[in-house]
Amino acid sequence: RTNWHLKENARDHHTSKFSSKELIVRRGQAFTVTFNATGQPEQNLTFITETGPNPSKLAKTQATFGISSTMSRESWSAVLQSTSSNSVSISISSPPNAVIGRYKLSVQTTSTDSSSPAILGTFVLLFNPWSSGDDVYMPNKAECEEYVLEEFGIIFAGNKNHINSFGWNFGQFQEDILNICLSMLDRSLNYRQDPATDVSHRNDPKYLGRVLSAMVNANDDQGVLLGNWSGNYEGGKSPSSWTGSGEILQNWKKSGFKPVRYGQCWVFAAVLTTVLRCLGIPTRTITNFSSAHDADGNLRVDEFYDASGNHLDRSADSIWNFHVWNESWFSRSDLGPSYSGWQVLDATPQEESGGIYQCGPASRNAIKEGDVDLEYDCPFVFAEVNADCMYWNYEATTGKKTLMFSKSTVIGQFISTKAVGRDDRVDVTIDYKYEEGSTKERDIFKKARKKLGLEDKFDPTAPTPQEIDQKPDISGRFKVAGPLEVGKDLSLILVLENLQSDAKTVHVNMTAWSTVYTRRPVHEIRKDSISVTLSPKEEIQFPIKISYTEYQQRLTTDNTIQVTALCLVEGGIQVLVQRDITLDNPAIDIQVLGEAKVNKEVDVEVIFTNPIDTEVIDCVLQVEGNDLLRGILEIDVPPVKASEKSSTKFKLIPFETGPKHLLVNFSCDKFADIKTFKMVNV
């Protein structure tokens with residue numbers, strides 16, 4: 001019989017949150033095991049640890065060790081703690097660079113060489129950010145708590161003019177999640193090609209981060225999530241409807257490991273956060289606003305518009321309203337100490353790397369310094385936060401393209417993550433690049449171009465210096481003149497100003513399209529054109545009103561609308577005026593009615609007020625929260641009449657003390673995925 005001292009070992013190894021009957025410990029640290037033994041066995045005991053399909057000492061997936069007087073920092077070792085007439089307690093320690101995963105532990109008495117080893121059982125070994133010898137060592141304990149042990153997160157979204165956020169349940173300690181994470185590794189392409197070699201590399205967070213960035217998306221390897229950016233999510237769940245990773249990972253396993261439908265960037269990033277935190281690698285989600293997808297690697301993003309102002313799908317490049325990726329914390333022995341620390345990983349399938357859809361780890365310091373020649377995928381990540389933007393007018397009949405304007409300060413703004421120990425936003429833009437517009441920032445951009453061989457190469461698609469230097473005669477902008485809420489009319493003002501001292505005649509073609517958050521147009525909402533003559537230095541304002549009835553049927557679940565005015569100045573260059581608008585859903589409110597105590601029922605009320613003048617139907621409330629309820633609660637809510645209030649009550653029985661987060665998602669036929677969360681002190 002084996003006593004794994006589950007409670008004491010879990011406490012010492014920061015693994016108490018796992019709901020498992022199996023021992024889960026961290027590498028580079030001792031754990032205690034007691035087993036039955038008769039006689040005086042401690043003199044001649046040999047232990048064997050093995051992991052993977054064909055364990056070998058050479059691959060460091062097998063170790064054989066006897067009892068020694070002190071723990072070794074370099075290899076597996078065992079120290080005798082105590083003996084009684086029929087049992088022995090041993091302290092076993094693994095090296096800080098041991099392979100992680102599920103191990104089998106056996107013991108053998110050396111006096112009778114012929115005896116086969118007795119299997120004591122299995123345990124799981126994880127990375128150890130609390131141990132100074134580990135590649136993932138994180139000296140700040142509060143950061144370890146947040147980036148490894150915290151199951152609740154906040155993800156930032158919206159756009160650069162209007163940042164919003166929602167809660168997410170990472171749930172890395174939920175039942176069976178650890179097993180699912182381990183089976184992800186065993187389903188990777190690397191493992192399928194060469195299991196023994198793959199397992200022997202599982203001591204390296206760089207390797208695992210890269211493999212898992214591929215496994216979280218379904219491309220290439222039947223991974224966890226299938227991406228869909230079409231605006232049509234039939235045959236699956238809309239990406240904005242998820243509230244946590246647990247359901248996604250459980251569904252993947254339940255379906256026999258068929259990709260779960262559907263994900264978009266924040267879902268890929270949230271699931272990767274869950275998996276890496278579960279395995280012990282400190283990880284967080286990062287949101288980059290106005291994020292470039294540079295498909296051709298020239299650190300430039302080209303956008304094309306026709307004469308009517310429609311955003312054309314001519315380029316593989318794009319600028320997303322926001323994009324979410326991950327940062328994981330580990331050292332880079334392959335690059336040197338100055339590149340250690342936060343590393344960018346991105347599981348969203350955007351471009352292939354090494355022939356498959358994976359991205360990173362790219363050292364954040366390398367991105368900031370323009371060292372884009374370093375592994376892995378630095379040019380792509382550098383472009384996401386730094387690319388220059390070119391806006392072109394494209395004439396379909398002649399194939400002629402004309403540069404309208406270029407901007408080097410649009411991309412990579414308000415780079416955001418959740419604060420440590422608080423539900424606030426922290427801006428980390430300065431960690432990705434020097435101040436926008438500063439000489440240093442431009443020097444780094446030139447350095448990156450040079451390293452990629454772009455400085456010396458003639459690019460026929462690039463604008464000429466003359467095109468870049470041309471000055472427009474007028475300027476324009478869209479001003480918001482009312483609430484940005486789903487259910488209300490959208491009021492904007494197009495402001496045009498003549499910059500010259502002679503009159504200018506301008507023909508304005510305006511369009512409004514609903515888009516997904518990647519700014520891909522989905523449905524046309526409005527098309528208009530006006531002509532106006534501006535006196536010298538005159539400013540004119542045109543009010544634009546898009547009614548709720550006009551956009552309601554055409555809105556995507558992202559609630560985003562792109563308005564564009566293409567201004568053709570007689571005798572001058574064209575001017576593009578554009579704004580991306582994110583509309584807010586109406587609010588929902590959570591009230592906890594009474595004090596939340598362990599194993600005691602407490603009532604919760606969710607209140608929704610219908611802001612529009614028609615009844616909403618097909619109302620569903622979805623609730624989840626670690627340690628507050630098991631699984632996901634789904635409640636059908638009766639239809640809510642125009643301007644009326646709906647109240648839904650349900651009961652919780654919390655099973656752990658401390659601050660817990662309750663996440664709520666409300667949907668109906670007119671509003672998709674209204675999210676909120678509440679902190680409940682149990």
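How far apart do the end C-alpha atoms of residues 257–349 lie? They are 18 Å apart, and the span is 16% helix and 44% strand. UniProt lists these residues as "domain: Transglutaminase-like" in an unreviewed entry; such annotations may be inferred rather than shown by experiment.

The model is predicted: local features need pLDDT of at least 70, side-chain atom pairs count only at pLDDT 80 or more, and totals for chains, interfaces and linings use all residues. Residues are numbered from 1 along each chain as its sequence is written, and side-chain values use heavy atoms, without hydrogens and water.

Turn to helix α12, residues 439–451. Helices (H or I, at least four residues) and strands (E, at least two) are DSSP runs, numbered from the N terminus. At 1.5 Å a residue, the 13 residues of α12 should span 18 Å, and the end C-alpha atoms are 18 Å apart, which agrees. The expected span is 1.5 Å times one less than the number of residues.

Glu 441, Ile 444, Phe 445 and Ala 448 of α12 are buried (under 20% relative accessible area, with exposed over 50%; 1.4 Å probe, protein chains only). They cover an arc of only 100 degrees around the axis, so they sit on the same side of α12. That arc is taken from the directions from the helix axis to the C-beta atoms. The face turned away from the buried side carries exposed Thr 439 and Lys 450. The buried residues pack against α9 (364–369), α10 (378–386) and β20 (388–395), where contact means heavy atoms within 4.5 Å. Just after α12, Gly 453 takes a positive phi of about 70 degrees.
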